[in-house]
Amino acid sequence: MLLLAGCAAVGPNYDGAPGIAKDALAASRFARGDANDQSTAPVAAAWWRALNDPALDALVDQALRDSPTLQAAEARLRSARATLGTQEANRRPSGSASALGAGVWQGPGTDHESTLHLYSVGFDATWEVDLFGGPRRAVESATAQAQAVQADLADAQVSLTAEVAQTYVGLRAQQRRQALLRDTAAVEAQALALARQRLAQGVAPADDVEQRAQQAETTQAALTDVAAEIAASMDRLALLTGQAPGALDAQLASATPALPAAPREVAIGDPAGLLQRRPDIRAAERRLAGRTAQIGQEKAKYFPKLSLLGNIGVAATDPGKLLRADSLALAAVPYLSWNFLDFGRTAAAVRQAEAGRDEAVANYKAAVLGALQDANTSLSRFGQQRQALLHLRAQQASTARALDLAQQRRQAGTASQLDLLDAQRRDTDARLKALDGEAELLKDFVALQKSLGLGWEAA
């Protein structure tokens, strides 16, 4: 029986995850990648530092340290590791000690009035011999599950760093938009006042005044909306960093808000590196390994179980006699049990485990294909947004030149003050559009880093 314990465990051995999208993963570059924007440098886990924004760096560091989401994921990891420790302990002998001191008194009315004392000290041990690998498969499954939960923690870090960066970029864009809208509101207020003066003088139509009044009200409504968005973004960043709403208001308030600059080149690696780096793929692969081990764990129930039972004890009616040789009792016996008549319960459990394995295979395939789709889509959007931003900046340069010309005509007396104010408003509108383009490019950069599985550190 002891020799059987060294035999291979029942059930399928895990030989690794199935191959998915082999051609795409074997390629040297992503299908949607723009070679002009890609760098051959190694990818950086702390990708947000490439934006050179100390405020963002501080927020990400605090989030990784104090986020409730990460704290919950870390607790789940500790729980999974404790479960693994339990399964490993189940493969070892278990023992217990006992001590007894008792007295039995025969009172009046019996043939003999006396008191009988009994003292006993013992140690019991049991050990289930791993004949067919059930406990070994349980340890394999628990190990894989713990590794999957560790990958879940890494995935939570990836999502957290990306969300902090996305929210921060949105906040800085909103603050910059607020400043530009205030400039627009001031220009529109001047234009409206001039239009009303011209109407009073009879040199401007009433519909011109109404149109400018509508523009002014639209800008005021936009200012109200952006103020609410700024407050919501600050509160969101406070939550992500484990703080109460309002805790970051003073820290993030800025009279001259500026967006960080996206790097000119982005290191993205290759598809094979993506497979190894993305925590969600790693988690899916480890869960597949755990489900495979569970099949063997259930199949081991088809076979007998052998347990070794042992007991060492001493018993006497006098404490002074406990150490005498004739008070010693030893017992060591094997115990064989076999639940051969279970009416299909084990077979059903095996089928359930096999179905769980098949589900894990499908989940792994979905994770790989989803990661490839995510990375390629993010690369495409990042590249397209770069081109869109070039056009927006060209439009902004054109309106800036038009404003210069309007100022020159105003100084020469060939243009009215209203013409100049209209040129200023068009220039501000172009700057707002360019600002939106810059913010979208930064958000696409963040999404790209997330799709590459960056932003986590080993736990």
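1. In this predicted model, helix 3 and helix 4 (residues 134-201) pack with their axes 8 Å apart and at an angle of about 170°. Since angles over 145 degrees count as roughly antiparallel, the two helices are therefore roughly antiparallel to each other.

2. On the helix 3 side, the residues that meet helix 4 include Leu70, Ala73, Leu77, Ala80 and Leu84, along with the charged Glu74, Arg76, Arg81 and Glu88, while the helix 4 side includes Ala142, Val149, Leu153 and Leu160. By class, this contact comprises 13 nonpolar, four polar and four charged residues.

3. Helix 2 (residues 54-66) and helix 3 (residues 68-90) have axes that come within 6 Å and cross at roughly 40°, and they are therefore oblique to each other. Ala63, Leu64, Arg65 and Asp66 of helix 2 make this contact with Pro68, Leu70 and Gln71 of helix 3, a set that divides into four nonpolar, one polar and two charged residues.

4. After helix 5 comes Gly242, which has a positive phi, near 75°.

5. Arg425 lies in helix 10 (residues 417-451), and because its relative accessibility is 18%, Arg425 counts as buried, the cut-off being under 20%. Leaving aside residues up to four places away in sequence, Arg425 touches Thr184, Val187, Glu188 and Gln215.

Conventions. Residues are numbered from 1 along each chain as its sequence is written. This is a predicted model: local features need pLDDT of at least 70, side-chain atom pairs count only at pLDDT 80 or more; totals for chains, interfaces and linings use all residues. Side-chain values use heavy atoms; hydrogens and water are left out. Helices (H or I, at least four residues) and strands (E, at least two) are DSSP runs, numbered from the N terminus. Buried means under 20% relative accessible area, exposed over 50%, partly exposed in between (1.4 Å probe, protein chains only). Contact means heavy atoms within 4.5 Å. Axes are lines fitted to C-alpha atoms, for helices over the stretch in contact, and angles run from 0 to 180 degrees between N-to-C directions. Angles under 35 degrees count as roughly parallel, over 145 as roughly antiparallel, 65 to 115 as roughly perpendicular and the rest as oblique.
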